[in-house]
Amino acid sequence: MHKRSNEPFLWMLFSAGGVVSAMLMPIHVLLFGLAFPLGWVDAPSYEHLLALVRHPLTRVYLFILCSLALFHWAHRFRFTLYDGLQIKHLNELINTFCYGGAILGTAVAAYLLWRIP
Amino acid sequence: MNNPTEYLPRSYHTRVSTYWWLARWAYVKFILREASSVFVAWIVVVTLLQIRALTRGPADYAELQNSLRSPLLLTLNAVSLAFVIFHAVTWFNLAPKAMVIRLRGKRLSSLAIAAPNYVAWVVISAAIAWILLRG
């Protein structure tokens with residue numbers, strides 16, 4: 001009997017994460033990473049942002065963004081190490097680091113979003 | 001290993017240089033595209049730090065905004081922006097190659113598949129900016 005591979009599932013997460021990262025991340029990092037700190041536009045107030053992240057839809061949005069983006073990273077980074085650096089002999093360590101990191105990050109995101117007062 | 005030829009027939013591989021991807025621009029682009037994932041992960045980390053600071057209160061939030069003004073983090077975020085834009089463009093341009101759509105027996109052109117992605121990108125980015133900036 002063949003052992004069923006979980007590669008298609010991981011690839012699906014990678015692909016969904018790729019779409020999410022491509023569509024949402026440039027504007028996020030443009031605003032929060034450059035435009036607000038450099039004062040190009042007036043940063044939203046603390047109260048406005050807190051009200052936003054309190055909303056259940058925003059929490060779901062942020063959870064999906066963080067989680068899928070991390071699985072996207074895990075899959076891509078894993079193959080970058082395989083092909084780029086050719087360290088196939090460290091296979092298990094790389095897999096644990098990449099997917100373990102994504103799972104851990106997903107758990108942290110869930111905890112942080114859950115805990116918002 | 002006393003006899004170096006002992007295992008040759010089965011395990012003969014020419015060793016590829018670790019820097020094989022520097023040989024051609026197309027390979028460099030491939031590695032840069034793959035490297036973009038590291039910046040995707042970095043943006044997630046910053047987003048989670050922002051959420052944590054928001055939860056902790058105005059003082060913590062202001063402190064994080066202050067550290068985001070440091071030259072190191074500004075540079076890192078500028079590089080991250082360049083990489084995620086590169087990721088987005090390569091991702092959208094790959095879409096026509098990943099999915100072949102046929103309409104009335106004719107293959108839909110690459111542009112017809114890639115263009116809606118770009119339109120969605122602009123609309124979604126504008127919507128996020130609007131939601132954030134209206135307060």
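Which helix of chain B is Ser67(B) found in? Ser67(B) is in helix H3 of chain B, where helices (H or I, at least four residues) and strands (E, at least two) are DSSP runs numbered from the N terminus. Okay, before I go on, some housekeeping. This is a predicted model, where local features need pLDDT of at least 70, side-chain atom pairs count only at pLDDT 80 or more, and totals for chains, interfaces and linings use all residues. Residues are numbered from 1 along each chain as its sequence is written, and chains are lettered from A and ligands numbered from 1 in the order in which they are written.

Back to Ser67(B). Is Ser67(B) buried or exposed? Ser67(B) counts as exposed because it has 12 C-beta neighbours inside 10 Å; the cut-offs are 20 or more other C-beta atoms within 10 Å for buried, 12 or fewer for exposed, and partly exposed in between, with C-beta atoms placed from the backbone. From Ser67(B) to Ile131(B) you go 64 residues in sequence and 24 Å in space, C-alpha to C-alpha.

Now, the two chains. Their contact takes 45 residues from chain A and 45 residues from chain B, and two residues are in contact if their C-beta atoms, placed from the backbone, lie within 7 Å. On chain B's side, H2(B) gives the most, with 17 residues.

Let's look at one helix pair. The axes of helix H1 of chain A (residues 7–35) and H2(B) come within 11 Å and cross at roughly 55 degrees. Here axes are lines fitted to C-alpha atoms, for helices over the stretch in contact, and angles run from 0 to 180 degrees between N-to-C directions. In H1(A), residues including Met25(A) and Phe32(A) take part in the meeting with H2(B), where Val40(B) and Ile43(B) are among the partners.

And what's in the middle? The largest nonpolar core has 44 residues, and Leu70(A), Trp73(A) and Val40(B) are among those that touch the most other members. Such a core is a set of buried Ala, Val, Leu, Ile, Met, Phe, Trp, Tyr and Cys residues joined through C-beta atoms within 7 Å. H3(A) gives the most to this core, with 11 residues. Leaving out residues up to four places away in sequence, Leu70(A) touches Ala102(A), Gly105(A), Thr106(A), Ala41(B) and Val44(B).

Last one: Arg104(B), in the loop between strands S1 and S2 of chain B. Arg104(B) isn't a glycine, yet has a positive phi of about 50 degrees. Most residues other than glycine have a negative phi. Arg104(B) counts as exposed, because it has 4 C-beta neighbours inside 10 Å.
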